[in-house]
Each structure stands twice: as C-alpha cells, then as structure tokens.
Amino acid sequence: MYQIDEALEKKEILRRYKLLFKLFKREISQEEHDQIHKAFTLAVTAHEHTRRKSGEPYIYHPLEVAHIVVEEIGLGPTAVVCALLHDVVEDTEYTLTDIENGFGPVVARIVDGLTKIDAIFNQNQSFSIQAENFKKLLFSLSDDVRVILIKLADRLHNMRTLDSMPRDKQLKIASETINIYAPLAHRLGLFTIKSELEDLSLKYTEPETYAFVSEKIRQSEAERESLINNFIAPIREKLETECMKFSISGRVKSICSILGKMKKKGVPFEEVYDLFAIRIVLDSPVETEKADCYRVYAIINSIYRAKPDRLRDWIAIPKPNGYEALHTTVMSNTGKWIEVQIRSKRMDEIAERGYAAHWRYKNEGFDTEMESGLDIWLNKIKEMLEHSASDNSLSFLNDFRQNFFNGEIYLYTPTGELKSLPAGSSVLDFAFLIHSEIGFTVIGAKVNHKLVPINHKLKNGDQVELICSKTQKPNEEWLDYVISSRAKSRIRQWLREEQAKYYDQGMEALKKMLDELHVPFTDANINRVQEAFSRKNKSELFYAVALEKIAEKDIAALFKDDNEKHDNWFWSWFRRSGGNDKDKPETNLQDAIQAQVENKPESLLLAKDVHNLNYIIPECCNPIPGDDVIGVILPNKGIEVHRTNCPKAIELMSQYGNRIVKAKWKKNEKIGLLTGIKISGIDEPGMALQILDKINQDSQINIRSINMKAAEGVYEGQIMLYINNTSHLKELIDRIKTVNGVESVKRIDHR
Ligand code: MN
C-alpha cells in the first residue's frame with residue numbers, strides 16, 4: 001500500500017521537476033524556462049487534490065510524461081509545457097481559454113488535441129467507434145505531430161504504471177496499446193518506445209508467457225555475456241588499429257520479438273539464434289558516415305564468415321519509417337549465427353528515438369521545415385483519410401493496418417524509379433499508384449520481363465512494366481484484386497459513376513421482365529431480386545440488369561419458387577425439433593480454429609455449411625446476416641460472432657485483442673438466425689392476432705417464442721424469431737408498425 005506523507009511528496013515533486021531541466025541536451029533560454037515553470041505551477045495547483053489509482057499525487061504523472069517527452073522522444077520546451085498541462089483541461093476546472101491566455105495558441109491547440117483524444121477513448125465504445133476514434137486521432141496528426149508524440153508518452157507512462165489498475169482496465173488499455181499505439185510508435189520510428197509498449201502489453205495480456213521468456217533471458221545472461229565478449233574482442237581490436245571512433249555492445253532483443261521468432265519458426269527459446277544483436281555505433285561526420293559503415297562491414301567480414309543473403313542494406317534505401325543501418329549476420333567461433341548492426345551516431349538516434357531526434361539534429365522545434373521522410377508519411381496518411389470515403393470505419397481500420405502496419409514491398413518502374421506498396425499488392429495496385437488513368441486501362445504487365453495478368457501479386461524487388469489498352473474497363477471483380485486504399489477507392493468511384501449511367505435503363509428492363517411475369521414492380525419485389533442476386537443496392541441491381549448480367553430466366557425462377565416451400569418448411573422443422581445445425585459437434589473443431597488462427601484470417605466467412613462451422617453464435621446480441629459483425633477467437637471454444645456494438649463483444653475484444661477477426665456474412669445464404677423484437681403500444685382488441693398475421697405473411701420467418709402482456713390498456717410484446725437478414729427484419733418491423741395501436745417496434749439489441 002502507498003503511504004501518504006505530504007512533506008516527502010513535496011520534496012519528490014520538486015526533485016522530479018528539477019530533473020526535467022537536466023534532461024535537455026541543450027541550453028534552454030530564460031523565456032523557455034519561465035514558460036515551463038508557469039506550466040508546472042499551474043499543473044501542480046490544478047491537480048493539487050487528486051491522486052492516481054496507486055495513491056501517488058497526480059502531478060507525478062504529467063511530470064513523468066514530460067520526462068519521456070524530452071528524454072525518450074527528444075522534443076523541446078513547448079512539448080514539455082504541453083505534457084505538463086495535458087490532463088489539466090480534462091480533469092480539472094481550468095479551461096482551454098485559461099491555457100490559451102497563459103501560454104498562447106500553439107500550446108492551447110496541442111492541449112486541446114490531447115484532451116479530445118482522451119475524451120473519445122474514455123467513452124464506452126464499440127470496436128467501430130474505436131476505429132472511428134483512431135481516424136480522428138490521425139486527423140490530429142496532420143495538425144501538429146506533437147499531439148500524437150505526447151499522447152504516446154502519456155500512454156507509455158500509463159502502461160508503466162498499469163499495475164494499480166483493476167484487471168479489466170488493464171486488459172482494455174493493454175489491448176488498445178498493442179492494436180493502436182505500438183504500431184503507431186513503430187510507424188513514427190520510435191523503436192524503443194514501440195518495443196516497450198509491446199512488452200508491457202504482453203505482460204498484462206499474457207502474464208505467464210511474459211514471465212516465462214523474461215526468466216529465460218535472465219537465466220541465460222552469464223553465458224550470453226561471455227559469448228558477446230569473445231565475439232566482440234577481435235572486432236574491437238581491428239577497428240582500433242584502423243583508428244575508428246566507435247562504441248560496440250551486445251543487446252538482447254525485446255521479449256515480444258523473441259516470442260515472435262519462437263512462434264514463427266516453431267522453436268524453443270534456446271534455439272532462437274538472434275536472441276541478441278551486436279551493435280556498432282560509429283562516431284563519424286555526416287559526410288563520411290555511409291562510407292565508414294560499409295568499411296566496418298568489410299572489416300567484420302574479414303574476421304567472421306557472413307551468412308549469404310543476410311546483408312540488409314537500409315543505408316542505400318532507408319525503411320519507410322526512416323530507419324537507416326547495415327545488418328549482417330555472421331558465424332561466430334562458437335558455431336552460432338550472430339547479427340551485427342552497423343550505424344552512425346546520427347542513424348542510431350533516429351532509430352531509437354525517431355524523427356524528433358532527427359529534427360533535433362537539424363534544428364530545434366517543429367515549426368520550421370520538416371524532413372522529407374515524415375512529410376511523405378504524413379501525406380500518405382492524409383491521402384488515405386481523404387480516400388477512405390464514407391466506407392464504414394471497420395474497413396477503414398483494416399485498410400489502415402493493411403497499408404501501414406504490414407510489411408511494405410519495394411518495386412521498380414522500367415526506368416528504375418523506386419515505389420513502395422503494401423505487401424500483397426497486385427499489378428493493378430501498382431498501376432493505380434502510378435496514375436488513375438493507367439489503373440483504369442491496364443490489361444497486364446511484364447514483371448521482370450515475364451508477362452502476367454493484372455491480378456498477379458507482386459514481390460519485393462520486382463520490376464514492373466505496365467501494358468495498357470484504351471478499350472479496357474474496370475469491373476467489380478477488380479475490387480478483389482487490389483488491397484491499396486487508393487486503388488480501391490478509385491475503382492469504387494468508377495463503378496458508382498458507371499452504375500449511375502445505367503440506372504434508368506436497368507430499371508426499365510427489370511420492370512419489363514417483372515411485368516411479363518405478372519409480378520408487381522414494388523420495392524419489396526425489387527429488394528427480393530436484389531438480395532437473391534447479391535447486389536448491395538438498387539444502383540448495383542439495375543446496373544447488372546442493364547448489362548444483362550442477370551438472366552431473365554433466373555428472375556423467372558426466383559418468383560416461380562414462391563410456391564415451393566419445401567426447403568423452408570424443412571429447415572424450420574429441423575430447428576424446432578432441436579436439430580439446430582449450429583450445435584452439431586465438429587470433431588476437429590480445435591484443428592480448424594488452430595488453422596484459422598495460424599492463417600491470421602482477414603475475415604471470417606459466415607455460412608451455413610456445417611464443415612465451415614467453427615463459429616458460435618451466442619445469444620447475447622443475436623447477430624443476423626446484414627449486421628456488422630466481428631469474430632473473437634476463444635481458446636478451446638471456437639469463434640464467437642458478435643454484433644460490433646455488443647457490450648460482451650467489447651469485453652471480449654479487450655481480452656482477446658489479437659484474436660479478433662473481421663467477419664462478414666456470405667451473401668444470399670438462408671441461415672435463419674435467432675433475433676428478437678419488442679413491440680409496445682395501446683392495447684386494441686385483436687391486436688395480438690394482427691401482429692402474428694403480419695409475421696406469418698413472410699414465409700421465411702419462423703417464430704420461436706412469444707411473450708405478450710397487456711395491462712391497464714398498455715400492450716407489450718416480445719417475440720423471438722428466426723430470420724434471414726436485416727432487410728427481412730426491417731420489412732417485418734415496418735409491417736407490424738401498420739397494426740392499429742402499435743406505437744413502437746424495436747429490435748432487441750442484446751439480453
Ligand atoms: Mn495523462
């Protein structure tokens with residue numbers, strides 16, 4: 001337990017405050033000093049009566065965040081002022097106007113950004129809202145990068161002090177960290193912070209694994225130390241005779257990356273060969289740093305034998321997040337492969353502390369000219385935000401991951417220009433990257449001089465020569481060929497415009513067909529065709545009809561089926577008699593799930609097919625086709641499918657953050673899933689009967705249970721039904737609303 005001793009606390013607050021100034025690597029001006037002092041005084045006063053969950057004075061937190069901001073990210077005095085004030089507006093009586101009056105518009109804007117992010121993340125949120133929040137978070141990036149950097153410092157300190165939080169909070173915060181903040185830190189090139197965030201998350205999400213690996217690292221320390229020293233000795237000697245200024249050390253990799261290697265290669269801890277890496281940091285001037293790095297590389301290879309094809313040259317082509325270094329793997333005298341990283345002091349700063357450190361090399365502060373690498377990155381994010389259109393946020397998050405967190409591949413144009421795309425991109429993605437017009441007209445490509453189709457997946461280092469034809473036209477299938485958000489949004493836009501052109505023509509054609517079948521041209525019937533042929537909306541349907549992609553005879557067959565209800569009768573009988581297909585035991589369910597987990601599925605296809613049925617539909621939110629759903633992979637159980645707004649799902653997500661798969665319904669499947677509606681109104685004679693009639697009008701709906709009561713003239717009913725999809729449900733709800741007396745009909749969201 002934390003013991004409160006106010007005199008001691010005052011001393012400690014002052015100690016932490018003074019330490020702040022020692023962390024700056026440069027002299028700060030009197031004016032800057034005064035600003036920091038003012039911010040500190042305000043923060044101390046504002047948080048005076050609050051304590052953290054641990055019992056400590058609240059002010060420790062902003063002070064620690066300020067330390068991180070200077071020491072570990074390398075930001076300047078303005079950011080320190082903001083870090084000290086970052087929780088003031090949210091948690092205390094002080095307003096943004098107070099901040100603006102005291103510290104000016106720049107500080108106020110940053111504090112405002114930080115407060116808004118917090119507000120968003122503190123709401124009780126669903127996954128899609130979280131994704132939406134994330135989008136907002138990124139918007140703030142384009143205003144002032146310091147907002148996101150300070151936010152990362154804030155998160156880092158919260159992760160470091162997560163012990164005092166209740167378990168459920170720990171899991172929620174840890175899963176957010178692993179899903180959002182660690183990848184973001186990675187993209188910003190804050191490697192040290194990224195690793196620490198990942199390790200801390202693991203500590204709370206998988207405590208046993210974490211303890212196991214850290215114990216192993218501790219146990220093997222002595223042996224590793226002697227190995228490193230023996231390995232380093234001859235290198236040190238040779239570099240000294242060459243009169244090079246350098247430092248050399250051996251560093252154990254992060255727990256997460258070691259664990260990742262164990263899992264990926266399926267080997268025990270003892271067999272992870274690159275448990276640690278030797279790092280040589282050269283004290284070279286910028287003019288000769290590259291040449292010096294290559295020279296050290298040559299020297300090392302004169303001492304140890306290098307593993308073929310294991311030279312990673314990120315000096316010639318830096319990583320997208322700005323990382324520069326040479327990595328080589330060599331055979332040590334003990335018969336073990338050892339990785340050696342070679343970089344200059346400047347490169348090392350960037351690698352450890354990201355762009356902020358880099359800017360510090362150039363000049364103090366962000367307000368002046370930015371480095372081109374970050375510019376490119378920010379522009380990519382902006383472009384993506386602009387192009388993510390009105391698609392739902394979940395797909396946005398997916399796109400984002402796809403584009404930014406997964407690996408990237410480098411490709412060459414025929415003239416040798418370097419381009420980068422997300423791993424898994426196709427020729428078509430490449431074409432849209434070059435230019436939209438080229439994307440629309442590409443018919444194939446020569447990849448490394450071999451002819452390939454447009455859906456051909458590109459590999460790192462491919463040289464791509466595009467072949468275009470003026471007669472080419474995009475089609476819906478193209479959406480399956482591309483993964484980059486730019487290509488996707490351009491194709492979608494093209495399709496939308498194209499569909500608009502055929503709207504009237506398609507509508508006329510469909511009307512004619514239905515007239516001939518003596519089927520009325522009503523919304524309900526149009527919907528029916530739309531669903532039967534898996535079209536998302538009328539535009540898509542009319543377009544397909546206009547281009548004769550839907551045959552007249554198939555439409556005729558659809559309405560002819562009206563009188564043949566065997567299938568429907570069978571399934572409802574099957575369900576009522578307890579033969580619920582989803583309960584059918586799956587003998588090797590475990591294997592199926594394992595395979596699913598290992599494949600890291602992008603999406604889970606929900607279908608009736610029993611053999612694919614490794615999912616469980618729980619009765620808490622009763623998802624039906626058409627709902628936005630996610631799957632959560634539960635160890636030893638299966639995949640639970642929830643609606644994205646289900647509270648249970650949110651709970652599971654924070655618990656199994658890395659086991660969430662995006663799920664979608666297989667189109668046009670008649671699954672017949674349980675859902676419920678709640679009806680209320682004024683009790684009228686015969687009302688219940690009328691409601692049942694409305695339900696029975698749709699032969700595809702089966703009632704499971706009815707619960708009705710009427711008291712003091714008020715009617716309340718709860719009906720559970722088996723239904724195919726959301727549009728069926730919507731139609732039903734609309735029909736029931738027409739019953740005399742009914743005032744509201746609502747779907748029961750969860751129980
Ligand atoms: Mn905070």
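Select Arg-16 and Tyr-60 to begin: Arg-16 lies over the face of Tyr-60, 4.0 Å from the centre of the ring. Keep in mind as you go that this is a predicted model. Now try another charge and ring. Pick Lys-38 and Phe-103, and you will see the charged end of Lys-38 over the ring of Phe-103, at 5.2 Å from its centre.

**Stop 1: rings that pair up**

How many aromatic pairs does a search of the whole structure find? The total is 7. To describe a pair of aromatic rings, we use the distance of the centres and the angle of the planes.

Select Tyr-17 and Phe-21. Their ring centres are 5.2 Å apart and their planes meet at 90°, so this pair is edge-to-face. Both residues belong to helix 1, which covers residues 6-23. Why are Tyr-17 and Phe-21 separated by about one helical turn? Because they are 4 residues apart in that helix. Tyr-17 is buried, with a relative accessible area of 6%.

Next, go to Phe-231 and Tyr-304. Is this pair stacked or edge-to-face? The planes are at 10° and the ring centres 4.4 Å apart, so the pair is stacked. Colour the chain by position here, as this pair links distant parts of it, 73 residues apart. Phe-231 sits in helix 12 (residues 221-241), while Tyr-304 is in the loop between helix 14 (289-303) and strand 3 (305-306). Both Phe-231 and Tyr-304 are buried.

**Stop 2: the manganese ion**

Which residues are its protein donors? They are His-61 and His-86, each through NE2, together with Asp-87 and Asp-154, each through OD. These donors lie 2.2 to 2.4 Å from the ion. Along the chain, the donors follow the spacing H-x24-H-D-x66-D.

Now look at the two neighbours in that pattern. Are His-86 and Asp-87 buried or exposed? His-86 counts as buried at 1% relative accessibility, and Asp-87 is buried too, with a relative accessible area of 4%.

**Stop 3: two helices that cross**

Two packed helices are described by the angle between their axes and the distance between the axes. To see what makes the contact, display Glu-198, Asp-199 and Leu-202 of helix 10, then Ile-255, Cys-256 and Leu-259 of helix 13.

**Stop 4: two loops with a positive phi**

Most residues other than glycine have a negative phi. With that in mind, select Cys-243. Its phi is near 60°, a positive value in a residue other than glycine. Where is Cys-243 found? Look in the loop between helix 12 and strand 1 (246-252). At 68% relative accessibility, Cys-243 counts as exposed.

Now jump to Ser-534, in the loop between helix 22 (523-532) and helix 23 (538-546). The phi of Ser-534 is near 55°, again a positive value in a residue other than glycine. Ser-534 is partly exposed, with a relative accessible area of 27%.

**Stop 5: a buried serine and a partly exposed aspartate**

Select Ser-344 in strand 6 (residues 337-344). At 0% relative accessibility, Ser-344 counts as buried. Which residues does Ser-344 touch, leaving out those up to four places away in sequence? Display Val-281, Leu-282, Glu-289 and Cys-293 to find out.

Then move to Asp-5, in the segment before helix 1. Asp-5 counts as partly exposed, at 34% relative accessibility. Use the distance tool between the C-alpha atoms of Asp-5 and Glu-56: they are 9.9 Å apart in space, although 51 residues apart in sequence.

**Last stop: zoom out**

Show the whole protein chain as a cartoon. What you see has 29 helices and 20 strands. Colour by accessibility next: buried residues make up 48% of the 751 residues in the protein chain. Finally, take the contacts in the protein chain between residues at least 6 apart in sequence; 67% of them join residues at least 24 apart.

Terms used: Residues numbered from 1 in each chain as written. Predicted model: local features only at pLDDT ≥ 70, side-chain atom pairs only at ≥ 80, totals over all residues. Heavy atoms only, no water. Phe/Tyr/Trp six-rings, centres within 6.5 Å; stacked < 30°, edge-to-face > 60°. Buried < 20%, exposed > 50% of the residue type's maximum accessible area, 1.4 Å probe, protein only. Lys NZ or Arg CZ within 6 Å of the ring centre and 35° of its normal. Donors = N, O, S within 2.8 Å, 3.2 Å for Na, K, Ca; no water. Contact = heavy atoms within 4.5 Å.
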